[in-house]
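Please read these notes with the model open beside them. They go point by point, beginning with the interface.

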Protein chains: 2
Amino acid sequence: MKERYSRNKVISYYMCDRHQRVTLSMLVNLLIDVSEHHSKALGRGEAYVKEKGLSWIILRYDFDIKRLPKVNETIKIETVATEYNKLFTYRDFYVVDLEGNEIVKVTATFALLNHDNRKMARIPQELVEPYQAKFSKSIRRLTKPQGVDSVVFNEKQYEVRYFDIDSNQHVNNSHYITWLLDSLGSSFLSHHEVTQGIITFDKEVNEHQLINSQSSFSDVDENWTNHVITSDAVKHCQASFKWIRLEEEGG
Amino acid sequence: MKERYSRNKVISYYMCDRHQRVTLSMLVNLLIDVSEHHSKALGRGEAYVKEKGLSWIILRYDFDIKRLPKVNETIKIETVATEYNKLFTYRDFYVVDLEGNEIVKVTATFALLNHDNRKMARIPQELVEPYQAKFSKSIRRLTKPQGVDSVVFNEKQYEVRYFDIDSNQHVNNSHYITWLLDSLGSSFLSHHEVTQGIITFDKEVNEHQLINSQSSFSDVDENWTNHVITSDAVKHCQASFKWIRLEEEGG
């Protein structure tokens with residue numbers, strides 16, 4: 001049996017946007033918080049991983065969203081490490097409301113970074129064993145985010161701020177989500193809600209870097225937007241999101 | 001007896017800076033969250049206030065910090081509405097660690113905004129009664145933050161982002177704190193820790209506004225920095241912070 005772990009969370013006002021729903025960036029913070037508690041409960045917390053000269057990095061999120069939790073709502077976040085291969089581990093998260101409905105599913109892909117050579121490390125058996133995830137020889141082939149249109153696109157610049165770096169000594173990955181989405185502009189964001197998403201992380205951004213966030217509508221399906229974050233010629237992060245138009249309130 | 005209210009909170013990794021301590025902005029989010037629960041428990045939650053055509057606004061914070069809570073630490077946040085006069089209410093917050101030490105004290109000054117005329121409203125007796133705060137005729141005279149040096153100062157610009165606006169439909173006041181502090185630059189911030197602070201809010205910033213954050217060292221006491229946030233000629237927020245130099249780690 002795979003080790004399942006869950007925690008309840010109450011959605012506070014400061015986690016929510018103007019539509020009273022949790023932001024995608026805050027949702028990711030809550031999920032990773034639960035996965036860190038899960039690892040600690042299995043004796044595989046940050047300290048254990050660090051002692052081996054390694055740290056987990058997140059390479060990818062896949063979001064499937066029926067509805068986002070609302071302000072003051074209590075949710076249960078369940079998580080399970082489903083599968084691993086020699087380089088990657090896959091973890092599923094389920095956000096469940098008080099009536100037992102699964103309202104959000106997120107899959108995260110992790111890899112291990114070797115502190116000495118800054119390269120990806122093979123995943124040691126003893127590190128993943130307690131999660132009881134399935135070993136699979138093959139690496140998952142997942143759809144990549146589409147590229148941003150080269151002619152018609154939105155573009156915004158951001159500077160990495162001092163407080164964007166969290167206690168893990170890296171730019172907290174929720175900030176990438178803010179940069180990705182903010183470029184769409186508020187007239188779009190205030191009338192649409194995200195229902196699916198793929199984010200891939202290629203290369204970490206560093207303090208003081210000026211980054212460029214571009215987005216465009218997909219030319220294949222107009223319900224999707226495509227996104228890229230770059231600095232100079234370096235690609236840091238790509239994403240695609242699917243949207244539905246919000247109904248006017250009180251309309 | 002004044003109504004005292006408390007809640008426990010666990011400090012998560014995403015709330016902390018690179019020194020593993022909660023950021024001042026996240027601390028403020030946690031405090032206000034507790035005060036909202038307090039009000040709701042007394043039947044004076046947001047819905048009650050809104051029904052009267054009013055909403056609470058925060059005019060000022062006074063911080064007194066022995067040490068900031070650390071990542072994974074469990075803290076108790078206690079709060080009590082201490083005093084009110086015809087225009088303002090004062091609320092104290094105490095952050096207490098598991099050993100019972102009071103590590104942070106914050107006083108917040110609130111006022112009521114009338115939704116119709118966008119002006120400050122007299123505080124109705126029935127709104128504040130359940131808190132059992134003391135009525136005082138006189139308005140507190142509190143030290144104002146000092147002005148920023150006009151010759152030598154740091155300066156940074158920020159654009160208000162879509163997700164800076166929270167479920168209360170205003171720029172979440174923790175973002176002002178990020179703008180205030182970020183202007184000091186990372187070489188200062190990474191070697192200093194805040195021990196006292198005063199923040200006053202003058203005029204709200206709005207979406208898309210370009211704001212300017214300036215800071216300088218006080219010419220009266222070099223342990224203090226002074227701050228102002230403006231847009232064009234409008235002053236939005238002022239602050240002064242007192243700092244101690246962090247000892248080098250492992251030194």
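1. Across the interface of chain A and chain B, 26 residue pairs are in polar contact, both residues at pLDDT 80 or more. A polar contact is a pair of N or O atoms within 3.5 Å; within protein, one must be able to donate a hydrogen and the other to accept it, and residues adjacent in sequence count only if both atoms are side-chain atoms. On the side of chain A that touches chain B, two or more residues come from each of α1, β8 (154–159), α4 (173–182) and α5 (186–189) of chain A. The largest share, eight residues, is given by α1(A). By class, this side of chain A has 16 nonpolar, 14 polar and 11 charged residues.

2. This is a predicted model: local features need pLDDT of at least 70, side-chain atom pairs count only at pLDDT 80 or more, and totals for chains, interfaces and linings use all residues. Residues are numbered from 1 along each chain as its sequence is written, chains are lettered from A in the order in which they are written, and side-chain values use heavy atoms, with hydrogens and water left out.

3. Chain A and chain B each bring 41 residues to the contact (heavy atoms within 4.5 Å). Between them the two chains bury about 3800 Å² (accessible area, 1.4 Å probe, lost on being put together and summed over both), 50% of it on carbon and sulfur atoms. In chain A, Y13(A), R161(A) and Y162(A) lose the most area to chain B, together 24% of what that side buries.

4. Four salt bridges are counted between chain A and chain B; a salt bridge is a side-chain nitrogen of Lys or Arg within 4 Å of a carboxyl oxygen of Asp or Glu. K156(A) and E159(B) meet in a salt bridge at 3.8 Å, N to O.

5. Helix α1 of chain A (residues 24–41) has 18 residues and spans 26 Å from its first C-alpha to its last, close to the 26 Å expected at 1.5 Å a residue. Of its 18 residues, 15 are buried (under 20% relative accessible area), so α1(A) is largely enclosed by the rest of the structure. Just after α1(A), G43(A) takes a positive phi of about 75°.

6. Within chain A, the side chains of K105(A) and D92(A) form a salt bridge at 4.0 Å, N to O. The pair links strand β5 (residues 102–114) to strand β4 (residues 88–96), with K105(A) and D92(A) 13 residues apart.

Definitions and conventions:
Helices (H or I, at least four residues) and strands (E, at least two) are DSSP runs, numbered from the N terminus. The expected span of a helix is 1.5 Å times one less than its number of residues. Buried means under 20% relative accessible area, exposed over 50%, partly exposed in between (1.4 Å probe, protein chains only). Ala, Val, Leu, Ile, Met, Phe, Trp, Tyr, Cys and Pro count as nonpolar, Asp, Glu, Lys and Arg as charged, and the others, Gly among them, as polar.
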